[in-house]
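Please read it with the coordinates open.

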Amino acid sequence: MARRARGMEGTMGAGPPLVSRGQADRAAAMHEPAFALHVEDLTASYASGAVLWDVDMNVPPGVLAAIVGPNGAGKSTLLKCVIGALRPAAGHVYVFGRPYRRQRHRVAYVPQRTSVDWDFPTTALDVVTMGLYGRLGWLRRPGRREADEAHEALALVGMDAFAERQISQLSGGQQQRVFLARALVQDADLYLMDEPFAGVDATTERAIVELLKDLRARGKTVVAVHHDLQTVATYFDWLAILNVRLIAQGPVRDVYTAEHLRAAYGPRVVLLGGASAAEQGSVPAGVDAGATEAAAPGSPDTPERRAAARPPGD
Amino acid sequence: MELAALLGDFTVRTVALGAALVGVVSGVLGSFAVLRQQSLLGDALSHAALPGVCLGFLVAGSRQLAPILAGALISGALAALLVLVLTRTTRIKTDAALGVSLSLFFAVGTVLLTYLQRHQGAAQAGLDAFLFGQAAALVPSDLRVIGTVGGVSLALVALAWKELKVTTFDADFARSLGRPVLALEFGLTVLIAVAVVIGLQLVGVILMVALVIAPAAAARQWVKRLEGMVLLAGVFGAVSGVTGALLSAAVRGLATGPVIVLVASGIVLISLLLAPGRGVLWQLVQATSQRRNLRGHRVLVDLYRLAQDHRDPAYPTEQGMLDAYFGRRSAHVLRRLERRGLVERVRHMPEEGTHWVLTDVGQEQARTLLQPFGERAEGPATRREAPAVRPESEAARREGRA
Amino acid sequence: MSAAVAALQGWLDQPGVTIVLIGALVGIAASLLGAFLVLRRESMLSDAISHSILLGIVMVYLLTGTLDSPLHVVGASLAGLGTVWLTDLLVRSRRVKHDAAIGLVFPALFAAAVLLINVYARDVHLDTDAVLLGEIAFAWLDVVRVFELDVARSLATMLAITLVNLAFVLLLFKELKLATFDPGLATALGLRPVLVGYGLLGLVSVTAVGAFDAVGAILFVAFVIVPPTAAYLLTDRLERMLAYGCLIAIGSSLGGYALARAFDVSIGGAMASATGVFLLLALLLGRHGLVARAWRRRAPEAPPHVGMPAASAPQLDAKTPTSSDGGRA
């Protein structure tokens, strides 16, 4: 923190007001948490090579955001970098303007359903209670109050009748609902979900969509890795298309274009930077507001603003 | 002792020959165990041999290798069957099933062993040897048994080579070809049990697993084809056996089994570190240089974009700011880029801290990095057509994302 | 000395009591930790650890020249954790699979330990048979004074280790559970699953050292893996799985001792074999056992989880609980 502050002073002293991409964002992010999730220049690699390259992503609060992209595009890796399960090679992640470590209590993470052993000897209620372990901290054990909260969350997903059921006796959709209840019980502001619709039945899929909309209505933010391009436009209102690097992000109606999708998935599309939705007139709200100077505190922020925020010349 | 003198010694020759035989057989069959991710089955099989050893002794009434091997083989097969029953019919996972099988058979084995020792008097003679192996007890008639049994199993592997190969690689595919996969898998398990059992007298119940796994794991590092792997594993097994036998004969007081195991482990270590392409050192160098390149590219591109932002290719950027931008200290990255002539320090503002500027070469490199992104940079992106970006207009690129 | 203490002393002076108590404590200490190992699919690490702690013990012996220094616990724990670390390292290098990595590391360390004994400690009481099989039959001969009681050294050690393990599992129950079930969430909540895992395996090493004298390395493995596995077939609750594991351990100690006396065989071996009897019973009669399975197969409509009557309607906004509330205990 101190290092960063010094860096900025030095630059400021150098002459005309220099407003750079990173700085403007950081100023906005540090002082005014305009983004629920703010990913900055994120680069991550496994031994096999880069899986995320220079990804900038901003998700404003109160949206249902989907991350789509082909297999191996780094979608799950991105979420893992956010929750600190993977150390990126470079870049930063901010949750409501601060590093994840200091915002843990405001984030709920729903891993892929297949990532755990459902033969584990425990009940649905107990799995939901696990969502409260972070709030409890080390050593303290869940009690009556936690059980009540877990029951409530199970009821919200229509699973309270299954509270004492061993988890291997639940269907795939029911297991996914238990995972969602576990996230609900955390009462977070940002929900990170890895493929919440994978392998669930149609009823559960509809139920999850309702749940997501309910979350949005209560001002929560959801960022979900999604795999179904058919439904993405109807389920979500914010979209990020990822394929190692970020192809596009913004409101679904602007980003969900054949061009962008072909850029991520299609075999031989060459998309030139200029021919984008933004230039075609469908400019989302917030662009103009941000197009003036650097970080206007409190202004709704979008990536377009970032692009336009650069002053015409020094 | 001189090598020649060693080899002249009858006992040493017997032991070395036995160790070579055992090494070849366990190397070849161990390859299948390792590839089928059943390495620890070898461990379970060798521990599970103990009750069979005791029963073989009980039946034969004296310490003869053939009935003891037969007993060991039967109890090993039963242990493998127990693992199969537990994993197929209950929710117990493979690791627990192996552990259960290993420890229970061994427990029953110790019970039988103590029973024999206390009630059959003479049993003391040499059954303990099967725990840790006792090379010196090896006699030429034992060699004949080991040679025959080992030779038959190697011949079976050669006969069923095609089938074993496809079963190991893809059991479902083999099933679709109409191969008797279950029978093949069972046969392979029995053959692995054979490999374990013929080594017991030499290496012992506890350490025999190493001779099954180590030569195969080492061979896997050097070759890509199953044929080569199996042959090399046989060679590594024989080398470990002979070297171990000679070393333990040369240095008084060293038990043969542990020396053989340590030699085999040494071969694994060398293979892991040095094997071309797959070796850890090799990979480490590549991974480090890849990470370093990635970071270098990042800083280069950051500098380039900042210059773009200011419409001034020679725009000097303060180092502290690059740190913040980059997310970690950039000094060493910058120094590396400087050595490659991609960036330069700007000296005229000493009180402001170091400033950096891209050289012409650096600008060129940044442009190539950004251009058809991914074509020169690393990453899976290279194979997909990412949208082209005009580096001249960063702003346009940004809008393109929106 | 009060009458109660005298009575207790009289009781402890019977070798059989001491032996059964030691066996039961080894079993309880091992199966408490073993339950988590089995669920983490790391059972075979207990086998690896129980072998390679010999290297730690030998190293400490070579450094200190004594066989009963408390440093042995430290040395053995380091050797145990070293095994785990080396295995992890091999797996992360992605050159060998997890099972092969275990099978490469522990034989090498064990072989090195045996050779060190061969070379430097030939004449010491550290013979390798005892390492594998233990000498529980003579454990009552070696006595230490604890408060006003003469207690077998092994008994005192195992009691201390059992209490430590019990405290660890009780205090960190929820952390262990989450680290085992969903390490991803544990990381996200800041509950350090890797650290918890190393704590668990460290205690496995310590317990192995304690059990070493009493029942030997391989029978220790039986106590780590078999009782929790049997319990796993009996219940769907982690708490009960731990409790049943302990009960099975106690039963095996008693039954094994009786068996060993009847046939004059290795006591440790008989105790470990007895755990197998309990596993067999659980396998046949447990709720996830073969009989239950066959029963369910005959009456497939029995488990109601296939159709989901109450929860099938999307009532996620509905703040009211579902019609059937029977599940709430």
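How many of the residues of strand 4 (residues 90-95) of chain A are buried? The answer is in point 2.

1. Ground rules. This is a predicted model, in which local features need pLDDT of at least 70, side-chain atom pairs count only at pLDDT 80 or more, and totals for chains, interfaces and linings use all residues. Residues are numbered from 1 along each chain as its sequence is written, while chains are lettered from A and ligands numbered from 1 in the order in which they are written. Helices (H or I, at least four residues) and strands (E, at least two) are DSSP runs, numbered from the N terminus.

2. Strand 4 of chain A. Five of its six residues are buried, so the strand is mostly covered. Buried means that 20 or more other C-beta atoms lie within 10 Å of the residue's own; exposed means 12 or fewer, and partly exposed is in between, with C-beta atoms placed from the backbone. Strand 1 (residues 37-46) of chain A pairs with strand 4 of chain A in the antiparallel sense, over five bridges. Pairing requires at least two DSSP bridges between two strands. A:Val39 has A:Val93 as its bridge partner.

3. The hairpin. Strand 4 of chain A also pairs with strand 5 (residues 98-99) of chain A, antiparallel and over two bridges. Here A:Val95 is bridged to A:Arg98. Two residues lie between the strands of this hairpin, and A:Phe96 takes a positive phi near 45 degrees. Check that torsion in your own viewer.

4. The six-stranded sheet. Chain A has an open sheet of six strands in the order 6-7-8-3-9-10, with mixed pairing. Strand 6 (107-110) and strand 10 (245-251) of chain A are at the edges; each has a single partner strand, so one side of each lacks a neighbour in the sheet. On average, neighbouring strands of this sheet are turned by 15 degrees against each other, direction ignored. The axes behind such angles are lines fitted to C-alpha atoms, for helices over the stretch in contact, and angles run from 0 to 180 degrees between N-to-C directions.

5. Strand 8 of chain A. Strand 7 (residues 190-194) of chain A runs parallel to strand 8 of chain A, joined by five bridges. Strand 3 (residues 64-68) of chain A is also parallel to strand 8 of chain A, with four bridges. A:Val223 stands opposite A:Leu192 and opposite A:Ala65.

6. Burial in strand 8. Five of the five residues of strand 8 of chain A are buried. In a regular strand the side chains alternate between the two faces of the sheet. A:Thr221, A:Val223 and A:Val225 point one way, and A:Val222 and A:Ala224 the other way.

7. Strand 7, helix 8 (residues 202-217) and strand 8 of chain A make a right-handed β-α-β unit. Right-handed means that, with the strands pointing away from the viewer, the path from the first strand over the helix to the second runs clockwise. Strand 3 of chain A runs parallel to strand 9 (residues 238-243) of chain A, over four bridges. A:Val68 stands opposite A:Ile241 in that pair.

8. Chain B and its contact with chain C. Chain B has 19 helices and three strands. Of its 402 residues, 54% are buried. The contact takes 51 residues from chain B and 52 from chain C. Two residues are in contact if their C-beta atoms, placed from the backbone, lie within 7 Å. On the chain B side, helix 5 of chain B gives the most, with 16 residues. That side divides into 31 nonpolar, 13 polar and seven charged residues. Nonpolar covers Ala, Val, Leu, Ile, Met, Phe, Trp, Tyr, Cys and Pro; charged covers Asp, Glu, Lys and Arg; the others, Gly among them, are polar.

9. Chain C has 14 helices and two strands, and 55% of its 329 residues are buried. Its mean pLDDT (the predictor's confidence in each residue, from 0 to 100) is 82, and 83% of its residues reach 70 or more. Over residues 300-329 of chain C, pLDDT stays under 50. For the complex, the predictor gives an ipTM of 0.85 and a pTM of 0.77.
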